[in-house]
Every structure is written in structure tokens, then in C-alpha cells.
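Me: I've just opened this one and could use a hand reading it. Can we take it feature by feature?

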Amino acid sequence: MIPEIEGASLRDIKKFQEQKLVELLSYVKENSKYYQRVFQKHNIDISEIKTLESLEKIPVTTKEDLQLYNDDFICVEDHQIIDVVTTSGTLGEPITFVLSDKDLDRLAYNEYLSFACAGITKDDRIQLTTTLDKRFMAGLAYFLGARKLGASIIRVGVGSPELQWDSILKLKPTCLVAVPSFLIKLIAFAKANNIALDTTSVKKVICIGEPIKESDFSPNILAKKIQEDWNVELYSTYASTEKSTAFTECEEQKGGHHHPELIIVEVLDEHDKAVKEGGKGELTITTLGVEAMPLLKYKTGDIVELHQDLCKCGRNTLRVGPVLGRKKQMIKLKGTTIFPQAIKSVLNEVDEVNNYVIKISKDDFLNDKVTIKVEADTDQEILRKTLQQKCKTKIRVTPFIEFVSKREIHALMFPKLGRKPIDVIDERNCIT
Ligand SMILES: [Zn+2]
């Protein structure tokens, strides 16, 4: 089932979004203290903003704005708030988001569209390997979306390969929602416990949190590693609390589809100007149909490329390519610009590396410095040379490699307040 608007002509999709934009502008002017101030300060007459192009008259909203004026973004009365969540806070202080009853319906519709896009139907059984708690919006979204779709759902939660396998073998899910690197752990557990990977009920995995594609949509090393051992289809989904919207791949697997009824997307350069079609830039979003905390031109910090060519699946909406990196995590090393994702790709290729955490900091001269903390069982000096050599060839930099114990890497990967394992620690934002 494809909603009518997603199969409409590009012109009609644009017209539809412009109508929604006009409604949104009058809604935030009426209800958002934050945007009332922005409109006033910049002398913005919202009646002049009727097209997507004229959105450029509105200044962008940043993560810092959300952190500083969090409550001023809330457009509803306290008694209308149902769910209270926070962003993950991987880059700075977590931001509080609130959802009204209507927002929960929108969230359900969003995830329903997202599952349907990946070809999941009411006949599927979805095993959720992420948390539903810990103030995490997405966990609840998966549940609500599956319910709307009519699929069944097994809420196993995060971690515990043993319980995951017990559920897979007993309850026979056809689909998992999982962080791709966790699939590597599931595969290792299966191998160690003689579980036959080629006969499991799992056919599809909705991959969250990490990219599984190169920018040309070919599987990246992580995806290849998974599919070498486990014959499952991997679908990439990209979402965040701020967007309250997911971009999930269809069966063509050529980027995450945009759902025009839920969000307006722009890709902007560092001067907040739209990049040329096909260019890379920062994904900037305007949420549609959000009641409690709508956002206008929010810069997500994610560097992406949009794909406008028509998809064979019948949806005429644009697609968002794999996230190339976080703008804030951009690293400048001896004149070369790289993202942690590129370092991760190198590390994921080396089987001897059990676990790793990439630490980004500043050296005494305030230059960026990268230290890779590695946990491995093999000869450290040989592995150090292999890793440095690979980094030099693939990303043209040679980071510091520091070997650490299992206990130390575990403490780094699972901080007390975290809800998913982390693999990048960026300390640069603490030094101004
Ligand atoms: Zn498609």
C-alpha cells in the first residue's frame, strides 16, 4: 500500500507540501514562543512564505537553540502532553521532546509507513532488539507502527544474545529491528552455540543507528560481514527524535524514502544555502503534522546526499542516501577531512578487532587528535601495524592505536546513562 501522495507527480508533491507549510507557519506563529521570537526578530511576515523556496527567508534552528530554549518550543498545554522522551545526547546535553496524543498517532503512522516501505506486512512477526524504555522515542514508534500495520511484535529489548536467540527459535519472528553491529554479536553467539543460521525464521532486518550502505548503495563491510553468515535482507532506516520521522529503504534499496506528508527536507551548506541537486550537505528538516514540538528548518548535523531520480517501487518521493557523517564529528587531520564513519569502516574490516571506541580530542596545539582504543586477543604489535597500514591506505591518516582491556572497553562502550553501545567519544566540544 503506497499513500496516494507518494505516487503523485513531483509537482503535486511540492504543492501538497507547500500547503502543509502554510498551515505549519500559522500554527507555530500562534503557539510557539520560540518561533514567535524568531519571526519578530527577523521581521518575517509568514504570509510571504508560501513556497518551499521561500523557506530560505527563515533562519535555521540548531541543536543549541533546542538546548537553550527547550521549553519555548512546546506548543501545547501541560495536560495535553502524553509521552516525554529525550534525545540520545551523543553530542552534548540531551533535549527533551514531548508528544501529544495526536503526535503518538502520527508516530504510529510514520513507522507504519516505514515498515510497509520495507515490504513488511500484517503477516510478519517483528522482534524488537532495542529498548522501549530509557526515554527512547524510536522503541515505542516501532511498537505503535507494527500495531497499526497489524504485524505481531516481540519486545525482547536491548542486548542479551541468549534471550534474542531463545525468542527467534521459539517464537519465530520473520523480521528483526536491530543495530547492525549487534547482528555480528548474534551471529557469533549462534556459531558458539551450534545454532543453524541457515534455517532461522528471520528473513529481514530493519537496521537502525548505523549505516549498512556505501554512498553508491552497495553493501558496506558491516553488511557484507552479516550477510556472509546469515542469509537475511538488510533494510536501512534513518531517523531521530528531532525528526520524529523515519526514512526507510524500499525493496529497491536505493536510499530511505521521504514521506511528504510528514516532513520537508532540505540539504544546506555551511552558509545555510541549499546545495545544488545531487550535492552533499547538512540535512535540514521541517516537521509536518507535529502538534507538541514542531520544528522549522532544523539542522540535523547529518551530512547526506539526496536522490531525486524516480524509484522503481512506485513512490515518486526523494530518497536520503546513507549518512556520510555528523557535521560536528568532522575531523581535520593534517589537512585531510574525515568522519568517524570512515575509520569505523576500516576497523570493521579487521576480524582480530573484538571491540573499539574512537576517541576524538584536541592536542596541545588545538589540532584534532584521534585515538582508537582497541580490544583484541591477538598480537598487539602486528595488529597495530595492520590497522595503521589500512588507515593510511584507505583514509590517508594514521591515528594512534591504544590497546585496552575487555573491562575498560566495556566501560567506555556502555556509559551509565546510555541506552545503546557507543563507538565514538568526541571530547572536542568540552574544550572551547
Ligand atoms: Zn522505492
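Predicted model: local features only at pLDDT ≥ 70, side-chain atom pairs only at ≥ 80, totals over all residues.

Me: How many bridges join β17 to β20, and do the two run parallel or antiparallel?

Reply: In general, strands of a sheet pair through backbone hydrogen bonds, either parallel or antiparallel. Two strands count as paired if DSSP finds at least two bridges between them. Here 3 bridges join β17, residues 353-362, to β20, and the two run parallel.

Me: In what order do the 4 strands of the open sheet stand?

Reply: The order is β19-β18-β17-β20, with mixed pairing. β19 (400-403) and β20 (424-426) are at the edges with a single partner strand each, so one side of each has no neighbour in the sheet. From one strand to the next, the twist averages 20 degrees.

Me: Which helix packs on the sheet?

Reply: Contact means heavy atoms within 4.5 Å. Helix α10 (residues 380-395) touches β17, β18 (368-376) and β19. The direction of α10 makes about 150 degrees with that of β19. Such axes are lines fitted to C-alpha atoms, for helices over the stretch in contact, and angles run from 0 to 180 degrees between N-to-C directions.

Me: How many helices and strands are there in the protein?

Reply: Helices (H or I, at least four residues) and strands (E, at least two) are DSSP runs, numbered from the N terminus. The protein has 11 helices and 20 strands.

Me: Where does K134 lie, and is K134 buried or partly exposed?

Reply: Buried means under 20% relative accessible area, exposed over 50%, and partly exposed in between (1.4 Å probe, protein chains only). K134 is in the loop between β3 (125-128) and α5 (137-149). Its relative accessibility is 49%, so K134 counts as partly exposed. Phi of K134 is near 50 degrees, a positive value in a residue other than glycine.

Me: What is phi of S160 near?

Reply: Phi of S160 is near 55 degrees, again positive in a residue other than glycine. S160 sits in the loop between β4 (152-155) and α6 (161-171), and is partly exposed at 37% relative accessible area.

Key:
Residues numbered from 1 in each chain as written. Heavy atoms only, no water.
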